[in-house]
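Student: Hi! Could you walk me through this structure while I have it open?
Tutor: Happy to, just ask away.
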Amino acid sequence: MSPVPRGRGLGDPNMRDRLYELLEHDPLAYSAGSRFIQIIIGVIVLNVIAMVLASVPELDARFGTLFEAITILSVIVFALEYVARMWTVAGHTQRKGSALSDRLGYAFSALGIIDLMAFLPAAIALATGRHATLAALGVLPFFKLVRYSPAMRSLLAAVHAERRALIGCIVILIGAVLTFASLLYAIERDVQPDKLGTIPQAMWWAIVTLGTVGYGDVVPVTPLGKFVSTFAIISGFAMIALPVAIISTAFAEEVKRRDFVVTWGMLARVPLFSHLSAAEIADIMRLLRARTVEQGEVLVRRGDAASSMYFITAGEVEIALPSQHVRLSDGTFFGEIALLHKTKRSGTVTATRKTRLLVLDAQDFHALIARMPTLADHVHTTAKARLADTGDLALAELAQAEQEDTDR
């Protein structure tokens, strides 16, 4: 279900609100927003490939017109997207400021700058006819994938969260470079005046050595200089390991945090959990597994052993019962009847479109309803209503299915 724009009813969104949802909402694969994202990603990939191939003289001479057409198309698409984001962002920020402040905030944000740099330098290069510069700028649109890649966003968030620690690493590195450069300058300035005659020259050796690159263009020749280099090499391992450890740990924590937020948001879509406290929801989250099924994928087959209960957070499934077909969508759940009565499935469940689910295993299901009476009452009430009506896995229909199997 799409969020309702601030100050608007669901039935009366204006064009700007609709366009904002199209640009910013994280949709499922069957939605218009997802198709828009796929188009943008396709243009990005096409543009980057064209720019890379355009740097090959033979290919540029043969397909130069095609590469230029792709670049012009990319510039137009990215420019229109930038203008659309600039227009729609007004009134959709947390600051609740004026339209001008909202737009300036987007323009000077990291994503806003990336969106601008994706097309502006290329447009200038096209206008001035600097094709070599245009090819060099081909990598810039690639950074737009940050907006559409959860992994890249998580990595940037991890770096931002640990920025103080990383700045500390840089300060330590600068100190180490200055220390070892000064030592080797003092030791070998008279022996190698052309390579280590000044501290700035010695700093190149220190950076290469601490970076464990070791080009070999500058090396100490005296015994004392080699002794200092040994400590510089050992220190270099620490210089690399320290920021890597910080970023990897922060990245893992960011992924966990994002998964927690995503799962929490999925739980919020299920009315069954709406009355629970934060502590109870956190307890349930440890038991649930997120799962995504593609359109047409069979989730449960008739006659299977009941092993899980399913909550639909987004999407739709169709349950094929012996006498009818039932469709369930966002916020509903199914599979509880077979778990409660410990019977086999009496219906086949198929995703009618890409669907996000939360899965609760049978053992966890029984443990959960045993310690949460309110939740258990709701599940039992829903199960009874489905049994009395057109339940997703009604016992009478299961008995009929088992009889049919016996007759065969």
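This is a predicted model: local features need pLDDT of at least 70, side-chain atom pairs count only at pLDDT 80 or more; totals for chains, interfaces and linings use all residues.

Student: Is Tyr-106 buried or exposed?
Tutor: Tyr-106 is buried, with a relative accessible area of 9%. Ring pairs also link Tyr-82, Tyr-106 and Phe-119 into a cluster.

Student: What about Phe-227 and Phe-231, how are those rings arranged?
Tutor: They form an edge-to-face pair, 5.0 Å centre to centre and with 75° between the planes. Both sit in helix H13 (residues 223-268), four residues apart, which is about one turn of the helix. Phe-231 counts as partly exposed, at 45% relative accessibility.

Student: Switching to charges: how many salt bridges does the structure hold?
Tutor: There are nine salt bridges. Arg-85 and Glu-81 make one of them, with their closest N and O atoms 2.9 Å apart. These two are separated by about one helical turn, because they are four residues apart in helix H3. Arg-85 is buried, and Glu-81 is buried too.

Student: Which salt bridge links distant parts of the chain?
Tutor: Look at Asp-361 and Arg-289, whose side chains meet at 3.0 Å, N to O. Asp-361 is in strand E8 and Arg-289 in strand E1 (residues 289-293), 72 residues apart. Asp-361 is partly exposed, with a relative accessible area of 26%, and Arg-289 is partly exposed at 41%.

Student: And what does Arg-291 pair with?
Tutor: Arg-291 forms a salt bridge with Glu-297, the closest N and O atoms being 3.6 Å apart. Arg-291 counts as partly exposed at 30% relative accessibility, and Glu-297 does at 29%. Elsewhere, salt bridges with shared partners join Glu-81, Arg-85, Asp-115, Lys-144 and Arg-147 into one network.

Student: Now Glu-188, where does that one lie?
Tutor: Glu-188 lies in helix H10 (residues 163-188). Glu-188 is buried yet has no salt bridge.

Student: Why no salt bridge for Glu-188?
Tutor: The nearest side chain of opposite charge, Lys-226, is 7.9 Å away, and a salt bridge needs the nitrogen and oxygen within 4 Å. Its side chain does make a polar contact with the side chain of Gln-192, at 2.6 Å. Beyond four places in sequence, Glu-188 touches residues including Pro-193, Leu-196, Val-219 and Gly-225.

Student: Last topic: how many residues are in the largest nonpolar core?
Tutor: The largest nonpolar core has 22 residues, and those with the most contacts inside it include Ile-284, Phe-311 and Leu-368. Elements giving two or more residues to this core include helix H14 (278-285), strand E3 (308-314) and helix H16 (362-371). H16 gives the most, with four residues.

Student: Which residues is Ile-284 in contact with?
Tutor: Leaving aside neighbours within four places in sequence, Ile-284 is in contact with Phe-273, Leu-276, Leu-368, Met-372 and Leu-375. Apart from this core lies another, of 20 residues, among them Ile-40, Val-75, Met-86 and Ala-107.

Technical notes. Residues are numbered from 1 along each chain as its sequence is written. Side-chain values use heavy atoms; hydrogens and water are left out. Buried means under 20% relative accessible area, exposed over 50%, partly exposed in between (1.4 Å probe, protein chains only). Rings of Phe, Tyr and Trp (its six-membered ring) pair if their centres lie within 6.5 Å; planes under 30 degrees apart count as stacked, over 60 as edge-to-face and the rest as tilted. Lys and Arg count as positive and Asp and Glu as negative; His and the chain ends are not counted. A polar contact is a pair of N or O atoms within 3.5 Å; within protein, one must be able to donate a hydrogen and the other to accept it, and residues adjacent in sequence count only if both atoms are side-chain atoms. Contact means heavy atoms within 4.5 Å. A nonpolar core is a set of buried Ala, Val, Leu, Ile, Met, Phe, Trp, Tyr and Cys residues joined through side-chain atoms within 4.5 Å.
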